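Please take a moment with the sequence and the model below before reading on.

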Amino acid sequence: MKKIIITGGAGFIGSHVVRRFVKQYPEYTILNLDALTYAGNLENLKDVETSPNYQFIKADITDEQHINRIFSDFRPDGIIHLAAESHVDRSITSPLDFVKTNVVGTVNLLNAAKNIWKEDFKGKRFHHVSTDEVYGALGKTGFFTEDTRYDPHSPYSASKASSDHFVRAYADTYDLPIVITNCSNNYGPNHFPEKLIPLMIHNIIHHKPLPVYGDGNYTRDWLYVVDHAVAIDLVFHHGKNKENYNIGGFNEWKNIDLVHVLCNLMDKKLERPEGESAKLITFVKDRPGHDLRYAIDATKINKELGWKPSVTFEEGLAKTIDWYMENQEWLNHVTSGAYQKYYEEQYDLK
Ligand code: NAD
Ligand code: TYD
C-alpha cells in the first residue's frame, strides 16, 4: 500500500498513529485529514510535519463534497479512521454532535472509499478505529470478547456502535474491505486534559481539586497509546478482512486507586510532602449512565498477530507524567480559552 489517509491524525491517538506510520513506512504517503476541533492540535505532530511522506489537510468528515474531492484527488489505498467526538461527558450534553461526526462522518468516508475503489478492492482497506465502550458495561467479573453483544449506554458509545454497524454493513452489502479494532482506555502524551488521567495530572500540577465521579469504584482497563498505535499498524497490515479485533492493556484499575497512584507519583516528581496531592481528591456528582467496568479479552490479536502491550503501567505512567511536566506550554495552550468554559460547566468546583 502506498497512500493512506489517517483521519483524526491531529488528535491524541491519531497523532501517535500518524507518527508511527510516517516513521515506519517512508515509502508510503500519509495524508492526515483532520478538522482541528478543540481536540485536534498540530503541535502534536511537530516532529514529523516536515517529513517528505507526510501531508496534512484540514477537512471535516461530515462535509460530503469536500471528502469526495479529497478522496478522488489523493486516491488512497487505505484509510485509518480515527476522527471522532471522543468524550463521554460531552456526549451527554451534546449528543447530536456525536451523531454528526461519528455516524454521518463515518458513512461519508465509507461512501467516498466505495466510490473511488469502485469494485476493485485488491490491496485496499478501510480500518475503523473503535472502542470497547460499544459492548456496554461489565459487572465485577468477565471480559469483552469480539463476540460480545453490542450494548452501548452513553451517546458516545451509541454513536461509535452505530458507526461500527455501518462499517460492517458496507462490508456485507458492497464487499468493502474493512477491519475494525475495539480498544480500551488509552493514556499517554498528547492526551487532552478532559479525560481522567491528563485531567488529574493537570489539576495536581495546579493544586486544583481532583474530581472523582461517584464513589470512584468504576473500573477501566488502561493501555499506553503507543502500544495501541502498534496494534493498529498490525491489524491494518495483517488483520483478516471483515474481522474485528479487541485491543486491551490487561491492566484494570478502579478510578480512585488510579488517582491515588497518580497523586503519589506526582508528589515525588513535584517534591511535595507525601500525601499532599491526595488531599485534593474531591468526590463529585456521578456521571449519568456511568458504566461500572470495562475489561478486554485481547486473546485474538495476541494469538493471530502476536501483539501484546510492551509498556508496563508503571513505565507508561512515568513517561506520561514526565511528558506533561516537560510540555507545560502544550498544556497551557490547550487549557486556555474554550477549555475554561467547558471545565466550569462540567465541574461545580472552585
Ligand atoms: P481525540 O478527541 O483526541 O481526537 C479526535 C480527532 O478527530 C481530533 O484531532 C479532532 O480534530 C478530529 N475530529 C473531530 N471531529 C472531526 C470531524 N468532523 N472531521 C475531521 N476531524 C475531526 O480522540 P482520541 O482519544 O484520539 O480517539 C481517536 C479515536 O479512537 C476515536 O475514534 C475514538 O472513538 C477511538 N478510541 C479512543 C480511545 C481513548 O481512550 N481515547 C479508546 C478506544 C478508541
Ligand atoms: P474518561 O477518561 O472520561 O474515559 P471513559 O469515560 O471513556 O472511560 O473517564 C475514565 C473514568 O474516570 C470513568 O469511569 C469516569 C471517571 N472520571 C472521573 O471520575 N472524573 C473525571 O473528571 C473524569 C473526566 C472521569
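How far does a backbone N or O atom of glycine 11 lie from an oxygen atom of ligand 1, and what is that distance in Å? In this predicted model, the backbone N or O atom of glycine 11 lies 2.9 Å from an oxygen atom of ligand 1. The backbone of phenylalanine 12 also takes part, with an N or O atom lying 3.0 Å from an oxygen atom of ligand 1, and for leucine 36 a backbone N or O atom is found 3.5 Å from an oxygen atom of this ligand. Around ligand 1 there are 28 residues, of which Ile13, Asp34, Ser86, Tyr156 and Lys160 come nearest.

Ligand 2 has its own surroundings, made up of 18 residues, and the closest of these are Glu133, Arg220, Arg287, His290 and Tyr347.

From the ligands we can turn to the helices. Two packed helices are described by the angle between their axes and the distance between the axes.

Helix 1, residues 12-24, and helix 7, residues 225-238, pack at an angle of about 60°, and their axes are 9 Å apart. The two helices are therefore oblique to each other, and helix 1 passes helix 7 in a right-handed crossing.

Helix 6, residues 196-205, has its packing partner in helix 10, residues 313-326, with an angle of about 50° and axes 11 Å apart. That angle makes helix 6 oblique to helix 10, and the crossing of the two is right-handed. On the helix 6 side the residues are Ile197, Pro198, Ile201 and Ile205, which meet Leu317, Thr320, Ile321, Tyr324 and Met325 of helix 10. By class, the contact of helix 6 with helix 10 consists of eight nonpolar residues and one polar residue, with no charged residues.

A further packing joins helix 2, residues 64-74, to helix 4, residues 95-117, whose axes come within 9 Å and cross at roughly 35°. Helix 2 passes helix 4 in a right-handed crossing. Glu64, Ile67, Asn68, Phe71 and Ser72 of helix 2 make the contact together with Asn108, Leu109, Ala112, Ala113, Asn115 and Ile116 of helix 4, and by class these comprise six nonpolar, four polar and one charged residues.

Notes
Residues numbered from 1 in each chain as written. Chains lettered and ligands numbered in written order. Predicted model: local features only at pLDDT ≥ 70, side-chain atom pairs only at ≥ 80, totals over all residues. Heavy atoms only, no water. Axes fitted to C-alpha atoms, helices over the stretch in contact; angles between N-to-C directions. Helix = DSSP H or I, 4+ residues; strand = E, 2+ residues; numbered from the N terminus. Parallel < 35°, antiparallel > 145°, perpendicular 65-115°, else oblique. Left-handed = near helix turned anticlockwise from the far one by under 90°. Contact = heavy atoms within 4.5 Å. Nonpolar A, V, L, I, M, F, W, Y, C, P; charged D, E, K, R; others polar. Near = heavy atom within 4 Å. Polar contact = N/O pair within 3.5 Å; in protein donor to acceptor, adjacent residues only side chain to side chain.
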